[in-house]
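Have a look at the picture, then follow the points below.

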Amino acid sequence: MQYEKEFLRNLYRNLLDMRLLEQKMVDTYAQGRVPGHIHSGVGQEASFVGVLAHFKAGDYYKRTHRLTAVPYMMGTSLDTFFGELLAKTTGNSGGRGGAIHIGELRTGDLGFSGTLGCDAAVGVGAALTIDAEGRDNLSFVFMGDGTSSRGPVYEAMNLASAWKLPVLFICHNNQFAISTPSSYSIAVEHPGADRAAAFNMPSKAVDGTDVLAVYEAAKELVAGIRAGNGPAILEEFAPKASQQEFKTDEEARQALQQG
């Protein structure tokens, strides 16, 4: 596949911006300057950059608690971003929301709930608005592998499919639901792609660390959604070389502590 140089530069710039901003947040948190908590998304930059390269005016997106840096890539200023992170009045909610509530509707950001997956239907509701208005936009709904097992997510997927709404569900399969290995809690290898058949949706599973692979997989699914074919699921998994099976929760906790 041939790509324009400017396109590749933009992808690289976004990857670099996301990595540096995520690392800056980790450093700022370590200095004790962040009221509350952050959830580092270092290593998952390609998942968002590759998918949201297909974002256009009028689309919506509903992110997860990692990558926190995504709103900046989508148009939220650094003053607003760090204002919210550091509980300053310059934040988008006056510093009251903190890290997981950074973002502005004007950029297509639908907001985020601290209870993972409970508001998946908000992204579907945005897609219902798109459908009612006859636009060729879509709603990007991101989730983690652990979140993908929640009932509200299934309800959202079922409704999106039954009504053929323009939604792309994106599952980040990073092998952990906070500290619980997916091998311990999920019955299928690909919690996003393997479950798509139950909702009569097309799906793809792709290496989530390869931004161009993510971009190409999303490209095909997005084209089908914009053409009116209904929702789809894209799963971005950790490559085999970075996966590790744990026999007990204690082994998993020790691995996390060791980085």
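In which helix is the place of Thr 28? Thr 28 sits in helix α1, where helices (H or I, at least four residues) and strands (E, at least two) are DSSP runs, numbered from the N terminus. This is a predicted model, in which local features need pLDDT of at least 70 and side-chain atom pairs count only at pLDDT 80 or more, while totals for chains, interfaces and linings use all residues. Residues are numbered from 1 along each chain as its sequence is written, and side-chain values use heavy atoms, with hydrogens and water left out.

**The overall picture**

- The secondary structure of the protein comes to nine helices and seven strands.
- Buried residues make up 46% of the 259 residues; buried means under 20% relative accessible area, exposed over 50%, and partly exposed in between (1.4 Å probe, protein chains only).
- Take the contacts (heavy atoms within 4.5 Å) between residues at least 6 apart in sequence: 70% of them join residues at least 24 apart.

- Thr 28 is buried, with a relative accessible area of 4%.
- Not counting residues up to four places away in sequence, Thr 28 touches Arg 33, Val 34 and Leu 86.
- Lys 88 belongs to the loop between α4 and α5, and it is partly exposed, with a relative accessible area of 46%.
- Leaving aside neighbours within four places in sequence, Lys 88 is in contact with Gly 83, Gly 94 and Gly 95.
- Lys 88 and Gly 98 are ten residues apart along the chain, and their C-alpha atoms are separated by 9.5 Å.

**The sheet**

- Five strands form an open sheet in the order β1-β2-β3-β7-β6, with parallel pairing; two strands pair if DSSP finds at least two bridges between them.
- The edge strands, each pairing on one side only, are β1 (60–62) and β6 (203–207).
- On average, neighbouring strands of this sheet are turned by 15° against each other, direction ignored.
- β1 and β2 run parallel and are joined by three bridges.
- Tyr 61 stands opposite Phe 140 in β2.
- α2 lies across β1, β2, β3 and β7, running at about 165° to β2; axes are lines fitted to C-alpha atoms, for helices over the stretch in contact, and angles run from 0 to 180 degrees between N-to-C directions.
- Helix α5 (residues 120–133) lies across β1, β2 and β3, at about 170° to β2.

**How helices pack**

- Two packed helices are described by the angle between their axes and the distance between the axes.
- α2 and α8 pack at an angle of about 40°, with their axes 8 Å apart.
- α2 and α8 are therefore oblique to each other: angles under 35 degrees count as roughly parallel, over 145 as roughly antiparallel, 65 to 115 as roughly perpendicular and the rest as oblique.
- Here Ala 46, Ser 47, Val 49, Gly 50 and Val 51 in α2 meet Val 211, Val 214, Tyr 215 and Ala 218 in α8.
- α1 and α4 pack at about 30°, with their axes 12 Å apart, and are therefore roughly parallel to each other.
- This contact is made by Leu 21, Lys 24 and Met 25 of α1 and Leu 78, Phe 81, Phe 82 and Leu 85 of α4.
- The buried residues of α4 are Thr 80, Phe 81, Gly 83, Glu 84 and Leu 85, and what covers them includes α1 and α3.

**The nonpolar cores**

- In soluble globular proteins, nonpolar side chains tend to be buried together.
- A nonpolar core is a set of buried Ala, Val, Leu, Ile, Met, Phe, Trp, Tyr and Cys residues joined through side-chain atoms within 4.5 Å.
- The largest nonpolar core has 37 residues, and those with the most contacts inside it are Val 51, Leu 52, Leu 85, Phe 140, Phe 142, Leu 168 and Leu 234.
- Elements that give two or more residues to this core include α1 (5–30), α2 (45–52), β2 (139–144) and α8 (211–226).
- The largest share of this core, seven residues, comes from α8.
- Apart from this core lies another, of 17 residues, among them Val 124, Ala 160, Ala 196 and Met 201.
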